[in-house]
Amino acid sequence: MKRIFAVAAALCLLAAPGAFAQNQKQNQNGRMPKERPTVEQMAQRQTERMTQELGLDEVQAKKVYAINLKQAQQMEAARAQMVKNRQAHAADMKSVLTDSQYDKWSQMQGPKPGAHRGKMGKDAKQGCCKQNKDCKDNKDCKQGQGK
């Protein structure tokens with residue numbers, strides 16, 4: 001009897017974290033959204049990788065970290081500027097376009113920065129449509145190949 005109780009208790013302990021994980025927010029793919037690493041974390045990760053691959057000593061690793069940190073900070077500043085430019089561009093377009101035109105234009109802009117676009121590389125499905133279908137089978141293809 002004690003053995004059955006011990007097995008049941010172990011199963012409950014194993015299932016409990018999964019029950020709580022269901023309440024967390026998931027993205028469109030059913031995965032948990034990843035938080036952006038800080039510039040320090042990115043520089044540290046890159047430095048660790050370079051230290052391992054290149055066999056850097058401690059002095060070199062500290063200097064490389066400083067260089068990687070500077071580069072990561074510059075990239076983050078460029079990203080922030082790009083976001084600001086996109087927002088200004090959208091505001092300018094909204095001031096000219098009607099609401100329906102603006103909505104259509106927004107959809108034409110595609111996925112937002114940072115949104116994953118699915119598989120990349122050799123295994124990705126090829127197609128000219130946003131639905132990622134073969135054009136020969138898609139009568140609604142805007143490239144004209146679906147006719």
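Biologist: Leaving aside neighbours within four places in sequence, which residues is threonine 47 in contact with?

Modeller: Contact means heavy atoms within 4.5 Å. Neighbours within four places in sequence are left out, and threonine 47 then touches Ala61, Val64, Tyr65 and Asn68.

Biologist: What kind of model is this, and what pLDDT do local features need?

Modeller: Residues are numbered from 1 along each chain as its sequence is written, and side-chain values use heavy atoms, with hydrogens and water left out. This is a predicted model: totals for chains, interfaces and linings use all residues, side-chain atom pairs count only at pLDDT 80 or more (the predictor's confidence in each residue, from 0 to 100), and local features need pLDDT of at least 70.

Biologist: What is the mean pLDDT of the chain?

Modeller: Of the residues in the chain, 54% reach 70 or more. The mean pLDDT is 76.

Biologist: Where is the pLDDT below 50, and how many contacts does this stretch have beyond near neighbours in sequence?

Modeller: The stretch is residues 122–126. Where pLDDT is low, the predicted coordinates should not be read in detail. Beyond near neighbours in sequence, residues 122–126 have contacts in the model, and the count is five.

Biologist: How many helices and how many strands are in the chain?

Modeller: Helices (H or I, at least four residues) and strands (E, at least two) are DSSP runs, numbered from the N terminus. The elements run α-α-α-α from the N terminus on. So the chain has zero strands and its helices number four.

Biologist: Is threonine 47 buried or exposed?

Modeller: Threonine 47 lies in helix α2. Buried means under 20% relative accessible area, exposed over 50%, and partly exposed in between (1.4 Å probe, protein chains only). Threonine 47 has a relative accessible area of 5%, so the word is buried.

Biologist: What is the distance of the polar contact between the side chains of asparagine 68 and threonine 47?

Modeller: Asparagine 68 is in helix α3 (residues 58–96); with a relative accessible area of 6%, asparagine 68 is buried. A polar contact is a pair of N or O atoms within 3.5 Å; within protein, one must be able to donate a hydrogen and the other to accept it, and residues adjacent in sequence count only if both atoms are side-chain atoms. The side chains of asparagine 68 and threonine 47 make such a contact, at 3.0 Å.

Biologist: How far apart are the end C-alpha atoms of helix α2?

Modeller: Helix α2 covers residues 39–54 and has 16 residues. The expected span is 1.5 Å times one less than the number of residues, which gives 22 Å for α2. The model agrees, because the end C-alpha atoms are apart by 22 Å.

Biologist: What arc do the buried residues of α2 cover?

Modeller: The buried residues of α2 are Val39, Ala43 and Thr47. The arc is that of the directions from the helix axis to the C-beta atoms. These residues sit on the same side of α2, because they cover an arc of only 60°.

Biologist: Which helix do the buried residues of α2 pack against?

Modeller: The face turned away from the buried side of α2 carries the exposed residues Gln52 and Glu53. The buried residues of α2 pack against α3.

Biologist: Which helices do the buried residues of α3 pack against?

Modeller: The buried residues of α3 include Ala61, Val64 and Asn68. They pack against α2 and α4.

Biologist: What is the angle between the ring planes of tyrosine 102 and tryptophan 105?

Modeller: Rings of Phe, Tyr and Trp (its six-membered ring) pair if their centres lie within 6.5 Å; planes under 30 degrees apart count as stacked, over 60 as edge-to-face and the rest as tilted. By this rule the count is one aromatic pair. Tyrosine 102 and tryptophan 105 form this tilted pair, with 5.6 Å centre to centre and a plane angle of 35°.

Biologist: Which helix holds both tyrosine 102 and tryptophan 105?

Modeller: Both residues are buried. They are three residues apart, about one turn of the helix, and the helix (residues 99–108) is α4.
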